[in-house]
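Student: I should like to learn how to read the packing features of a protein model. Please take me through them one by one.

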Amino acid sequence: MRGSFLYIFGGIMDYRKTVIDKLKEVDSIKDIDIESILEIPKDSSMGDFSFPCFRLASVFRKSPDAIANEIAAVIKTDLNIKKIEVVKGYLNFFINKSKMMEETFEKIFSLKERYGFSYIGEKKNVIVEFSSPNIAKPFHIGHLCSTVIGNSLANIYEALGYHVIKVNHLGDWGTQFGKLMVAYENWGDDEKLKEEPIKELLRIYVKFHDEAEENPSLEEQARYRFKLLEDGCEKETQLWEYFRTMSLKEFEKIYRRLNISFDSYAGEQFYSDKMPEVISLLEEKGLLVDSQNAKVVNLDDYDMPPCLIVKSDGASIYATRDIAAAIYRVRNYHFDKNLYIVGTPQALHFKQFFKVLELMGYPWSSDCRHIGFGLVKFKDKKLATRKGDVINLEEVLDESVARTLDIMKQSASEVDDYTKTSEIVGIGAIIFTFLKKTRERDLIFSWEDTLNFEGETGPYVQYSYSRAKSILRKANFNENTPYDCDYLKEEVEIDLLSKLSKFGEMILEAAKRDEPSVIARYAVNISQTFNSFYNANRVIVEDKNVMNARLNLVYAFSIVIKNALALLGIEVVEIM
RNA sequence: GUGCCUGUAGCUCAGCUGGAUAGAGCAACGGACUUCUAAUCCGUAGGUCGGGGGUUCGAAUCCCUUCAGGCACGCCA
């Protein structure tokens, strides 16, 4: 597997292979698993690759230092490996930087917006199910997590050559629709529903629950109405469509602002007619047992509670719909991976339903994965509005944009379009905040960490990009400007280019861990290096050779940072 | 009660398959704009990696135990 990566990426991976090959030629250690021992040191002053000899000490009955020295004596340097050093039991390899820099430039400039991408996923399908808001309920902050993470993962898989199917598994089915119908007929206001559909639907939904406490028969009515909906009764179906259309209209507004689209909106309702098959399949395999008037799959043998398949009133439930959806997807998309971007609180549900798929005899159950994420908490109390702890997302986005505009107006930049720029930067700041931490950790949201003038934020990365572009503009840079890497002598210059060479590996790691934060952190990291570079070194200088080399470095950076942000679903601005 | 997750600097977080002095960013303090946008940069200070055992040449990382917090445990999704 690794071999094929080398092919595609070149860059640092080629050098790794060279080092491994050299070590393998050493007779005394040829049987050792060199590949797993070889590592990349933390500090570049300790080389580009390091081979710790501690484990060999007991085998050879010699000190690690002595072993390292013996190996070092045998290995010869060459065009790729410039220097080999022995330090405290480590064998440190230094690669030929100017060759590496040359190669990196070539790759970036020839591939441009496809730099870092590869083809390892070619002809493979990945389904990413994400966002999945509930009809008639507010699009809350958890959905935003799912939306932003899912979209980024979709981008990341696409960059690896996979064919990605983005599915919005709408929560458009279930007993809550029975409740809504009862509520709508009793307390609904059509005018308000047209103005602010979600708000009004939520109001009557809450009202229903309040009333139902006094009058339990409402619950029964609701269950009955949902049953009618499932049976396809016309009146109920019409109401359902009405609620769905109105809600989607409002969700679309957010998707448009986030620049996110889907390949499928097949939600729970879509699978409602596919469930009898699921139930008969389960019955055929003898998995379904009666329990308290309901039907379940017993999972005692796997230390899990049973998985409910049919409710006691005969109606469907989410597990059944998820099973139907998975079967539908494998038949229609022949997926290689089927990812569910859903909060970690639902981990058990996914474990159960994947297990049921396995018990049904589907080997592809192991290709289904739950990509969980943590909760969003608020440090800034002001963000959490009253009315039932529901946060209006539009307001969050608007506030971010407004604060961004404020900051922009204070700065000395020559922004031409404040409205457009603040929108991109403000939205980007929110997206970045959601993606920079590892998924499963809870997010503690604060405006300071999101929009701070300084720090690891979206605006910081976008600013770095716009500075780079500004320099290129001032210098009238064009792509034919020649470069000679020998004029990039500064440590920070070499460091920056070396980091740019690792972008492809970052994408691989992000996909391997289903972790967009890998890309977000990388973007911050190269931005920091870039900022150090341009603060310490002028780009536009007298010496044409130095200037051209630096301009190309700035250009290379701008390409990589733009690609990285694109993977996160964040746009760049030329001036900010 | 059972299971899962989290616990790293005052705050928010990195830390890959165990490896060389535990890294950033905020906030604090001190510096850098006649020079490519100072939403930037440079420097200082700040840590018993929750506690305790164990495995190992070597542990934030693996195992056990304990404490603290969170979440989930059939007719909601």
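Student: Which residues does T529 touch, not counting residues up to four places away in sequence?

Tutor: Contact means heavy atoms within 4.5 Å. On that basis T529 touches V492, D495, L496 and K499. Please note that this is a predicted model, in which local features need pLDDT of at least 70 and side-chain atom pairs count only at pLDDT 80 or more, while totals for chains, interfaces and linings use all residues. Residues are numbered from 1 along each chain as its sequence is written, chains are lettered from A and ligands numbered from 1 in the order in which they are written, and side-chain values use heavy atoms, with hydrogens and water left out.

Student: Is T529 buried or exposed?

Tutor: Buried means under 20% relative accessible area and exposed over 50%, with partly exposed in between (1.4 Å probe, protein chains only). T529 has 6% relative accessibility and therefore counts as buried. Its side chain reaches the backbone oxygen of N525 at 3.1 Å.

Student: Where is T529 found, and what span should that helix have?

Tutor: Helices are DSSP runs (H or I, at least four residues), as are strands (E, at least two), and both are numbered from the N terminus. T529 belongs to helix α22, residues 517-536.

Student: Which residues have the most contacts inside the largest nonpolar core?

Tutor: A nonpolar core is a set of buried Ala, Val, Leu, Ile, Met, Phe, Trp, Tyr and Cys residues joined through side-chain atoms within 4.5 Å. The largest has 150 residues, and those with the most contacts inside it are L23, F51, I71, F93, F434 and L500. Helix α23 (residues 544-568) supplies the largest share of this core, 15 residues. A second, separate core of 36 residues includes Y271, L287, V297 and V310.

Student: How many aromatic pairs are found, and how is such a pair described?

Tutor: A pair of aromatic rings is described by the distance of the centres and the angle of the planes. Rings of Phe, Tyr and Trp (its six-membered ring) pair if their centres lie within 6.5 Å; planes under 30 degrees apart count as stacked, over 60 as edge-to-face and the rest as tilted. A search of the whole structure finds 35 aromatic pairs. The rings of F130 and F262 have centres 4.9 Å apart and planes at 40°, so this pair is tilted. Both F130 and F262 are buried. The rings of W173 and F226 have centres 5.5 Å apart and planes at 70°, so that pair is edge-to-face. W173 lies in the loop between β5 (163-167) and α8 (175-187), and F226 in helix α11 (residues 217-230), 53 residues apart.

Conventions
A polar contact is a pair of N or O atoms within 3.5 Å; within protein, one must be able to donate a hydrogen and the other to accept it, and residues adjacent in sequence count only if both atoms are side-chain atoms.
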